[in-house]
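Here is a short note for someone opening this structure for the first time. Please read it with the sequence and the model side by side.

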Amino acid sequence: MSRRIYLGVGLLSASIIAFQLTLMQVLSIIQWSHFAYMVISVALLGFGASGTLLALTRDWFVRRIEQALPLLMVLSGASMSLMMLVSSTVFGSFDSYLLFVDRSQIITLLITYFAFFIPFFLGATAIGLVYINYVEKIGTLYFADLIGSGIGGLLILLLFWIFSPAQLPPAIGLLPVIAGSVIISRRLLKRFVPLLVAALILPIVLVIRPPSLPMSEYKSLSGALNLPDAEIIIEKSSPYGQLNVVRSPALRYAPGLSLTFQGMVPVRDVIFNNGNWFGPVVEWSETDTSHFLGYTTNHLPHIIGKPENLLLLDAGTGLFAAHALTAGVKNITAVEQNRVAVGLLKNELAWMIDSMYNLPAVNPVNLHSRSYLLADDNLYDLIVLPTSETFGGTSGINALEEQYIMTLEALGEMRGRLSDNGMIAITSWMDYPPRNTLKLLATLVEAHEAASSSPVTSHIAAIRGWGTITFVLKKSPVTPDETERIREFCHRMYFDPVLLPGLDADERSVYNHLQDEDFFVYIDNIMSAAERQNFYREYDFNIRPATDNIPYFSQFLKLSRYKRMEEVFGQSTVPFLEIGYLVVIITFLQIAAAAIILIILPLFAIGWKGGGKAYTVLHFSGIGLGFMFIEITLIQQFILYFGNPIYAAAAVLSGMLICSGGGSLVSSRIGTGSRDIAKVLALVIFFILLYTVFLTPLLRLTISLPLLLKIFLSILFISPAAFFMGMPFPLGLRKLSVHNRSLIPWAWGINGCLSVISTALATIIAVEAGYLAVMLIAAFSYGLTMAANFIRL
């Protein structure tokens, strides 16, 4: 076997992982992240389908491997390059929001699946063919595969800074073409020259002249660009997403502004990230004596007290910082993880905000807000969280977003950072049916009760306007003087108090009447320790506080109440309430059904009985499921550690793959006896169980260390389990090569199918039972694999 095969496999694997991460970014811009999740999960079934194809046509491909292998690689690269042209055609008339009301969209969705399926299918077929033909070298081949994938995960971080999202697929598509050209034999080179030239020219042309990305009309950016004279004045791409700054003389932003406001709401630019609202660029000057947020419910904490030290979490574009400076706050720490957005505010857009982020009073911090909380030990008079939800609701599109600053533990940490009279404030748009507002209150209430025996009714104030509600949790009790000031502010602004010590029921709906005043009953149930748990159980939506183990604050769907929701709201309406989680469930059902078909089909050719089939199914499904479960859980754990989800994913993904590659290389020296493989799997299970007990405390203990030291420690934490997790796959294929080589392509397909299923399944388990359950099920999967190795072949 030529050593060029190793290079070809490595380059192809790097391109596949980079292409997968690129599609996540591109589809998140065109549609939404939950739709990207669905399409890519189905597309990755290309790995399972490649195993099915090879199982049915193994001998045909092996006889023609010299021609087939480079051809598959080159075509994989060409199909990656063509994806943007296809998406421009397909997505021009498609929108994921319409799937539940317009059945014709299903055809477009199927075309989308097929288009994105092709690059993965062709690439996976090439890798599977290499494994089948050179199974004796599987340890080193799998090493090349995993090392290439690990490097691809790191490479894409660099490419995100260099290329726009539309340029990335063709740029990455060059790698498989190069891989194919590397392994072509001299005898066939002349025949391949025209194809290679065309496959190289295509991505270069598309990088130079990329097609436009057709964006959903329901995206916030699409709506803004429909305004008169709207234009994009700045566009920047990075691993944080694609930032667009939009300018229009019709752009205004004043959330829940009091009807008593007599001034002019100024025109302002707005920043969008991946087509979604990020925040307005507020015109502000040090000489300003008032701010329009002073006429909204957001001003409540400044009515209660005069905070001097303020912590802004997820500070965005600095709207709340400008308000705080105008209100007299002396020191502001503004935590925002999007480094590119902060860079815009410090440089290109600094003139609009009077260089606010360069003032001595403002300390911008580029970090995940929760990571900052864990590493910080300062005390604050006021901690302000970002505005929750959006006007009219979000249809559950954030249901699967891990919101670590909205968990019960996070609110507990914030409370611990308050000075004696400190406050936590958060504003939310009113939603109907009530979900977000109730879950916010429940989290604040339980965070207080976990830290204090003082009645929560004395520590929470809330006021409501026509569109927003603001909650304030105060460390010390709300005083009578503060209560009167709040009442006077509400009267002056035409707001209504919702929660105050000594509040009368008829005070809650003086200026802003609700069509359904059960909202106040729900509020009182949450405030009552005696009624709260029963209310959680009986309410149609999940409003229990999110936790670090289940950090999905915006996931409100109760599967057990779905039928009732259809009866109340209508079958076609429910998806618009909670579309995010429904998409994951639909994705799981789709890929599970497809995977079963792909796994069963080869049995018609290789037979149904005997010959090690039970072993093959159990061994390769167990490691496919277990590996992905651990990978997903570790990414979740390291998001807080690094303070950046992008770098956490890159570190875990690349670290695990590279370390697993090392394990694969060493596996060549290990026997394929049942006891030998069982020992390796026992070590994997041992390290997984260690993670469940010690990983989180170790990460919390070292979170404040310098970045380079944390990178070293992350590799140290990940490498032992990952090293041994890289062994079972090549050991299993070697074992099959001795007993029944015809099962090798089937094993490759089973592993691919279960790896894809595990991404959706892990998410469902995490939402319903938490990440600890995901980790324990991973250990069980490896245990099942260990038991399978004692099945006689």
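1. The model is a predicted one. Its chain is divided into domain 1 (1-218), domain 2 (291-554) and domain 3 (607-792).

2. Domain 2 and domain 3 have C-alpha centres 40 Å apart. Between these two domains, 16 residues of domain 2 are in contact with 19 residues of domain 3. About 1400 Å² of area is buried there, and carbon and sulfur atoms give 58% of that area.

3. Which side chains form the salt bridge of 3.0 Å, N to O? They are those of Asp548 and Arg700. The count of salt bridges between domain 2 and domain 3 is 1.

4. Helix α28 covers residues 744-768. Its 25 residues, at 1.5 Å a residue, should span 36 Å, and the end C-alpha atoms are 35 Å apart, which agrees. The helix also has a kink of about 30°, centred on Ser758. Just after α28 comes Gly770, with a positive phi of about 105°.

5. Is α28 enclosed or open? The helix is largely enclosed by the rest of the structure, because 23 of its 25 residues are buried.

6. Ser185 sits in the loop between α7 (168-183) and α8 (186-208). Its relative accessibility is 14%, so Ser185 counts as buried, the cut-off being under 20%. With neighbours within four places in sequence left aside, Ser185 is in contact with Arg4 and Glu66.

Key
Residues are numbered from 1 along each chain as its sequence is written. This is a predicted model: local features need pLDDT of at least 70, side-chain atom pairs count only at pLDDT 80 or more; totals for chains, interfaces and linings use all residues. Side-chain values use heavy atoms; hydrogens and water are left out. Helices (H or I, at least four residues) and strands (E, at least two) are DSSP runs, numbered from the N terminus. The expected span of a helix is 1.5 Å times one less than its number of residues. The bend at a residue is the angle between axes fitted to the seven residues ending there and the seven starting there. Buried means under 20% relative accessible area, exposed over 50%, partly exposed in between (1.4 Å probe, protein chains only). Contact means heavy atoms within 4.5 Å. Domain bounds come from an automatic or database domain assignment. Buried area is the accessible area (1.4 Å probe) that two parts lose on being put together, summed over both. A salt bridge is a side-chain nitrogen of Lys or Arg within 4 Å of a carboxyl oxygen of Asp or Glu.
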